[in-house]
Amino acid sequence: MAYLESRKNLTGSALGIAGLGLTFTGLAGAYWPVVVAGLYGAGALLAPPERPPLPDFPDPSAQLDELRDDFGKLRDYLADIELPPAASGRLTELTELLTALLDPGWVTEVLAQEPEGVHALSRAVRQDVPEAVDAYVRTRWWTRLTPGTDPPERHLERQLALLQGEMEELTASLREVEARRQESHTRYLEDRSN
């Protein structure tokens, strides 16, 4: 059934009908079945191949919805972890920034237009923050067995500071996009009034 609607069949049929037209005008002669079949075959061979359909990837807003769900799971995980005060404060600042970026509204609309930003946010929520906290929890146990080593709290604080810096850069780039949009609209209105 799919072949009946294919480009090859439609092109071959169009040339086959042209062959019937040649037959009715008398140009095909006694060999008209060969002419019609030959033109159909030539049309089927010359037709462009069928294009496979494009994959149906979720749009960025759907990706952000999934990311919000994952962030909720991350917050539940982080609520059960005991961290030292400095790292806990740093983590609170980071999660507040992530919450602000993921809140539904115009911020996520701007973020949805920035695939690199969505990727960076996704990587932070799904990989970087859980890995940093989990590595701290695992390393803290080993540190009890080998005192005098570099404390895992220091690494966790540095990791969280770096992640917060990345998210602040993302926020600054989104703010810059909006500032450019505003400036562009101002120029448009100024040009329109002249």
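## Helix packing in a predicted model

Helix α1 passes helix α2 in a right-handed crossing, a crossing being right-handed if the near helix is turned clockwise from the far one by less than a right angle and left-handed if anticlockwise. The structure is a predicted model, in which local features need pLDDT of at least 70 and side-chain atom pairs count only at pLDDT 80 or more, while totals for chains, interfaces and linings use all residues. Residues are numbered from 1 along each chain as its sequence is written, and side-chain values use heavy atoms, with hydrogens and water left out.

Helices (H or I, at least four residues) are DSSP runs, numbered from the N terminus. The expected span of a helix is 1.5 Å times one less than its number of residues.

| Helix | Number of residues | First to last C-alpha | Expected span |
|---|---|---|---|
| α1 | 18 residues | 26 Å | 26 Å |
| α2 (32-46) | 15 residues | 21 Å | 21 Å |
| α3 (60-79) | 20 residues | 28 Å | 28 Å |

**The α1 and α2 pair**

The axes of α1 and α2 come within 7 Å and cross at roughly 155°; axes are lines fitted to C-alpha atoms, for helices over the stretch in contact, and angles run from 0 to 180 degrees between N-to-C directions. The two helices are therefore roughly antiparallel to each other, a term for angles over 145 degrees.

An α-helix has 3.6 residues a turn, so residues three or four places apart point the same way. After α1 comes Gly-26, with a positive phi near 90°.

In α2, Val-36, Gly-43 and Ala-44 are buried. Viewed down the axis of α2, its buried residues fall within an arc of 100°, so they line one face of the helix. Facing away from that buried side are the exposed residues Val-34, Leu-45 and Leu-46.

Contact means heavy atoms within 4.5 Å. Among the residues that meet are Gly-12, Gly-16 and Gly-19 in α1 and Val-36, Leu-39 and Gly-43 in α2.

The buried residues of α3 are Leu-64, Leu-67, Phe-71, Leu-74 and Leu-78. Seen down the axis, these buried residues of α3 lie within an arc of 70°, so they line one face of the helix. Asp-69, Lys-73 and Asp-76 are exposed on the other side of α3.

Helices α3 and α4 pack at an angle of about 160°, with their axes 11 Å apart. They are therefore roughly antiparallel to each other, and α3 passes α4 in a left-handed crossing. The contact includes Leu-64, Leu-67 and Phe-71 of α3 and Leu-91, Thr-95 and Leu-98 of α4.

**Two individual residues**

Gly-89 lies in α4 (residues 85-102). Gly-89 and Leu-160 are 71 residues apart in sequence and 10.0 Å apart in space, C-alpha to C-alpha.

Thr-108, in helix α5 (residues 106-112), is buried, with a relative accessible area of 7%. Leaving aside neighbours within four places in sequence, Thr-108 is in contact with Leu-64, Arg-68, Leu-101, Leu-102 and Asp-103.

How values were computed
Buried < 20%, exposed > 50% of the residue type's maximum accessible area, 1.4 Å probe, protein only. Arc of directions from axis to C-beta. Parallel < 35°, antiparallel > 145°, perpendicular 65-115°, else oblique.
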